[in-house]
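This report describes aromatic contacts and surface charge in the structure shown below.

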Amino acid sequence: MADKKCDSGSESDSTEEPVVGNVNKFAVVPPGYNGRPKKGHMIFDACFECGNLGRVDYITEYEYDLFIRPDTCNPRFRVWFNFTVENVKADQRAIFNIVNFSKTKSLYREGMSPLVKSTSRPKWVRIPAKHVYYYRCPDHRKNYVMSFSFCFDKEDDIYQFAYCYPYSYIRLQNYLDNLEKKNMDFFSRELLCLTVVCIILIVRVCMDKECTKAM
């Protein structure tokens, strides 16, 4: 069990210490277990671009409670998750409960399901909707919880789960770099401002020469 406390309020401020920092190659083992993680002791990681997972609690051998970190500017907003799982056994089954969602209305209630991919299958696919449940849970202060079940079929794979399709800052920059290299008349890229963690860019797109001249 992680030694971090969580912000688990639903659409209200929480009196608990918020989840701070992503898990980093965090091995979840049964209570009382000492020693190196065995095969089947899942290792969670979210220390990568677009990653978000702040805490993992071991419930049983087959069930884990996951706590997502809140938005940077508002700790009441908790929606996005993106994390990896490794060190699994073939045919190992698990139920993941994301227990501190802040939204009462979600597309998960309308049939949307999380995405998954792995090192041997790099394309995102959706987990079957029949394995996904979104509900208000009395065990978590009546927060909304999204639970999904999954069966790991390849023990050497690293599996990645996400709320929806991630679109990273690096991917955006690569896309803009490729556009810039084409020297198109109707494309212009300018620096808007700098932030603490990244560069924010403004992109002007004009579809005719008159607009290009105005730039």
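Buried denotes under 20% relative accessible area and exposed over 50%, with partly exposed in between (1.4 Å probe, protein chains only).

## Basis of the model

This is a predicted model in which local features need pLDDT of at least 70 and side-chain atom pairs count only at pLDDT 80 or more, while totals for chains, interfaces and linings use all residues. Residues are numbered from 1 along each chain as its sequence is written, and side-chain values use heavy atoms, with hydrogens and water left out.

## Aromatic pairs

The structure contains 26 aromatic pairs. Rings of Phe, Tyr and Trp (its six-membered ring) pair if their centres lie within 6.5 Å; planes under 30 degrees apart count as stacked, over 60 as edge-to-face and the rest as tilted. Phe 81 and Tyr 163 form an edge-to-face pair, because their ring centres are 6.0 Å apart and their planes stand at 85°. Phe 81 lies in the loop between strand 4 (63-67) and strand 5 (82-86) and Tyr 163 in the loop between strand 11 (159-162) and helix 1 (169-181), so the pair ties together parts 82 residues apart in sequence. Both Phe 81 and Tyr 163 are buried.

The pair of Phe 96 and Phe 148 is tilted, because the ring centres are 5.5 Å apart and the planes at 50°. Phe 96 counts as buried at 0% relative accessibility, and Phe 148 counts as buried at 1%.

Helices (H or I, at least four residues) and strands (E, at least two) are DSSP runs, numbered from the N terminus.

## Surface charge

Lys 105, Arg 109, Arg 136 and Lys 142 form a positive surface patch. Patches comprise residues with over 30% relative accessible area and no salt bridge, like charges being joined within 9 Å and nonpolar side chains (Val, Leu, Ile, Met, Phe, Trp, Tyr) within 5 Å. A salt bridge is a side-chain nitrogen of Lys or Arg within 4 Å of a carboxyl oxygen of Asp or Glu. Lys 142 is in the loop between strand 9 (132-137) and strand 10 (143-152), and counts as exposed at 55% relative accessibility.

Technical notes
Areas by Shrake-Rupley, 256 points an atom, 1.4 Å probe, with all protein chains shown as cover. Lys, Arg positive; Asp, Glu negative; His and termini not counted. Charge placed at Lys NZ, Arg CZ, Asp CG, Glu CD.
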